[in-house]
Amino acid sequence: TKVEYAGATFIGEDHGEWGGTLSVVNASGGAPKKILLNKNILQLFALEHGVAVITGDLPANEGSVWLYAKVDGGTSSIQKKADLSGFPKVIGRSGNRILIAYGDGVSVIDSDFNNRLIVKLPILYVQPNSIAQDARGNIYVGMNAFVVRLVPGPSGYSQEWFTQQACLQ
């Protein structure tokens, strides 16, 4: 995966058990590639104040959110901002929020990088393959056999499943 930010190209690589890297190259191509992070990079998002970097390790069932940003004096840094609730199966974005579906739940990372597991799914090891949010704040997670709509309410998110009832038993 790659993204452009502040005159540079950020390149994320995921080589599974052989590791991965986050590299940056100057947009003019003059500077050599510089490695910023030695982790499997699953997704990059250019934000207003930097680049959000999502990493993951499948065998360990873990993931993290990092931020590459310029700091005072024009220098830059990369910092871990949040640990995730497992290995991200699918990652999406809605404005300043990052949406992540795991094999058993869904998290929202807000603009301050607070990780909130909004729902545990009732089926162990679902295979999410898409995630999106509509203008009302409903989050949709597409999976192999069904779709779930997560509807925000005063006591959290309710789940509305679009499938045959027999699939949920």
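This is a predicted model: local features need pLDDT of at least 70, side-chain atom pairs count only at pLDDT 80 or more; totals for chains, interfaces and linings use all residues.
How many of the 5 residues of β10 are buried? In β10, 4 of the 5 are buried.

Residues are numbered from 1 along each chain as its sequence is written, and side-chain values use heavy atoms, with hydrogens and water left out.

**View 1. The whole chain is built with 16 strands and 0 helices.**
Helices (H or I, at least four residues) and strands (E, at least two) are DSSP runs, numbered from the N terminus. Along the principal axes, the C-alpha atoms fill a box of roughly 60 × 35 × 25 Å. The chain has 169 residues, and 42% of them are buried. Buried means under 20% relative accessible area, exposed means over 50%, and partly exposed lies in between (1.4 Å probe, protein chains only). The chain exposes about 9,200 Å². Carbon and sulfur atoms supply 48% of that area. Accessible areas come from the Shrake-Rupley method with a 1.4 Å probe; for residues, only the protein chains shown count as cover.

A contact means heavy atoms within 4.5 Å.

**View 2. Strand β10 pairs with β9 and with β11.**
Two strands pair if DSSP finds at least two bridges between them. Strand β10 is largely enclosed by the rest of the structure, because 4 of its 5 residues are buried. Strand β9 (residues 90-94) runs antiparallel to β10, and 5 bridges join them. G92 stands opposite L99 of β10. These two strands form a hairpin with 2 residues between them. In that turn, G95 has a positive phi of about 65°. On to β11: 4 bridges join it to β10, again antiparallel. I98 has I109 in β11 as its bridge partner. A hairpin of 3 residues links β10 to β11.

**View 3. Strand β3 pairs with β2 and with β4.**
Strand β3 covers residues 20-26. Of its 7 residues, 5 are buried, so β3 is largely enclosed by the rest of the structure. Strand β2 (residues 8-14) runs antiparallel to β3, with 7 bridges between them. G12 stands opposite L22 in β3. The β2-β3 hairpin has 5 residues between the strands, and G16 there takes a positive phi near 60°. Strand β4 (residues 34-37) is also antiparallel to β3, joined by 3 bridges. V24 has K34 in β4 as its bridge partner.

**View 4. T21 is a residue of strand β3.**
T21 counts as buried because its relative accessibility is 15%. Beyond its neighbours within four places in sequence, T21 contacts residues including I11, G12, I35 and I41. A135 is 114 residues from T21 in sequence, and their C-alpha atoms are 35 Å apart.

**View 5. Y68 lies in strand β7 (residues 62-70).**
Is Y68 buried or exposed? Y68 counts as buried, because its relative accessibility is 8%. Residues up to four places away aside, Y68 touches F10, L36 and H49, among others. Q79 is 11 residues along the chain from Y68, with 6.6 Å between their C-alpha atoms.

**View 6. The largest nonpolar core has 18 residues.**
A nonpolar core is a set of buried Ala, Val, Leu, Ile, Met, Phe, Trp, Tyr and Cys residues joined through side-chain atoms within 4.5 Å. Among the members that touch the most others are V106, I118 and M143. Elements giving two or more residues to this core include β10 (97-101), β11 (105-109) and β12 (115-120). Strand β14 gives the most, with 3 residues. Another core, of 17 residues, lies apart from this one; L42, F87, I100 and F113 are among its residues.
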